[in-house]
Amino acid sequence: MHADPIYCYRPTPERAAEFAAPAYDVFDRAGAAAYVEAHPRSFLAIDRPETGFAPDHDMYAADVYEHARDLLNERVADGTLLRDEKPCYYVWRLATAESHTQTGIVAGVAVDDYEDGTVHRHEDVLKAKAQDRINHIRTTNAQTGPIFLAYRDDPTIDSLVALTTTGEPLYDFTAEDGCRHTIWRISREVAVQSLQLMFDRQVPDAYIADGHHRCASAVAVCEERRAAARDGKLDEAAAGADETAPYDRFLAVLFPASQLAIMPYDRVLSDAGGLSAAEAIDAIRAAGFTAEPAEGVVDPEEAGTFGLKIGGGWWKVRLAGPAIDDPVASLDTQIAQDRILAPVFGVEDPTSDPRITFVGGADAADQADRKAGDTGVALTLHPTSIDQLMAVADAGKLMPPKSTWFVPKLLSGLFIRRI
């Protein structure tokens, strides 16, 4: 695959901790506004530019994206952002308070690799959600949110990364969520060329772990600009040569798959759809499960086991019968949807049913317990594995919505690619 060094704007070391921000899509509108109010110099003001307008202003209006462009230009002009003068790779280590560590490489990945399937997808993309990021990239003329990619471990790349991390970092700070972010630059020409060659020859493909909409949006803008270049509507410098213009790559961080942690992603219903606890349990047993009362919250420790809270009490539910071979049908998220949520509780479309919400993370089961209360329903699941994600993507299939919750999350604003 093609994972190349990048030119980028990045915050000065003394401003990095203040400027970096959680990804745009972890907030609703009110949450984004509250964060920007508390962190007015953060990148989220650029990533969620509607925070600069009244709450009733159309958050997708042209002037909102123009505001993002103006703020980005201001941060360059006032010295918050600087530009490295040659293309570099960056090594990004994330270490959580819970002692999980993962180390990835910041690079520009070829749009062609996405389009020909070298970069595998496992989630569908909602057009309306992607359009927001398309407008943001198009108007700011920049890619601002990194795509989280996984690749199968390569010992040679691991060795180069390990050697890089013995040097002095560019950034080293702990974010508000307790995750420590340490970043090094790979700028020596021989090291840059070696790493580029390793990706070209030793990494056949990669998998989108998080950022499907950001990725699809970057690809869409690339295709717009390629078309404009073919029609003579971009100048020669902007069009580039031999498909190597800046827009031909998207901003990504590539992590070895073995280092990644996927947390549970649980389901909560506001009500039981008129069923009593006894009726629901009878229906679940009829659908091919065993169900036994449990004391306290059930946080499943193996695939095929679910926790169910209904009527204020918890049950341990297990799928009976032979193993399922299909990579999608065997996912606990698909089993939960096909055999419990739809037939028992009437949730036919989890993306639009107002009764369902999702909670993820290490404490997802406890969150689900609190959110369900005594009148709602909580369904807790064992987390999807990285091997399952890869198997689904390799088969060219898609996972159900809300199948993976990766931690830690990448911050935005540390690397900004002008296109």
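Among contacts in the protein chain between residues at least 6 apart in sequence, what percentage join residues at least 24 apart? The figure is 77%, with contact meaning heavy atoms within 4.5 Å.

This is a predicted model, where local features need pLDDT of at least 70, side-chain atom pairs count only at pLDDT 80 or more, and totals for chains, interfaces and linings use all residues. Residues are numbered from 1 along each chain as its sequence is written, and side-chain values use heavy atoms, with hydrogens and water left out.

View 1. Helices (H or I, at least four residues) and strands (E, at least two) are DSSP runs, numbered from the N terminus. Buried residues make up 51% of the 419 (buried means under 20% relative accessible area, 1.4 Å probe, protein chains only).

**View 2. Helix α6 (residues 127-140) packing with helix α9 (residues 212-230).** Their axes, lines fitted to C-alpha atoms over the stretch in contact, sit 8 Å apart at an angle of about 55°.

**View 3. Who touches whom between α6 and α9.** On α6, look for Lys129, Ala130, Arg133, Ile134, Ile137 and Arg138. Across from them, α9 brings residues including His213, Ser217, Val221, Glu224 and Arg225.

Key:
Axes fitted to C-alpha atoms, helices over the stretch in contact; angles between N-to-C directions. Buried < 20%, exposed > 50% of the residue type's maximum accessible area, 1.4 Å probe, protein only.
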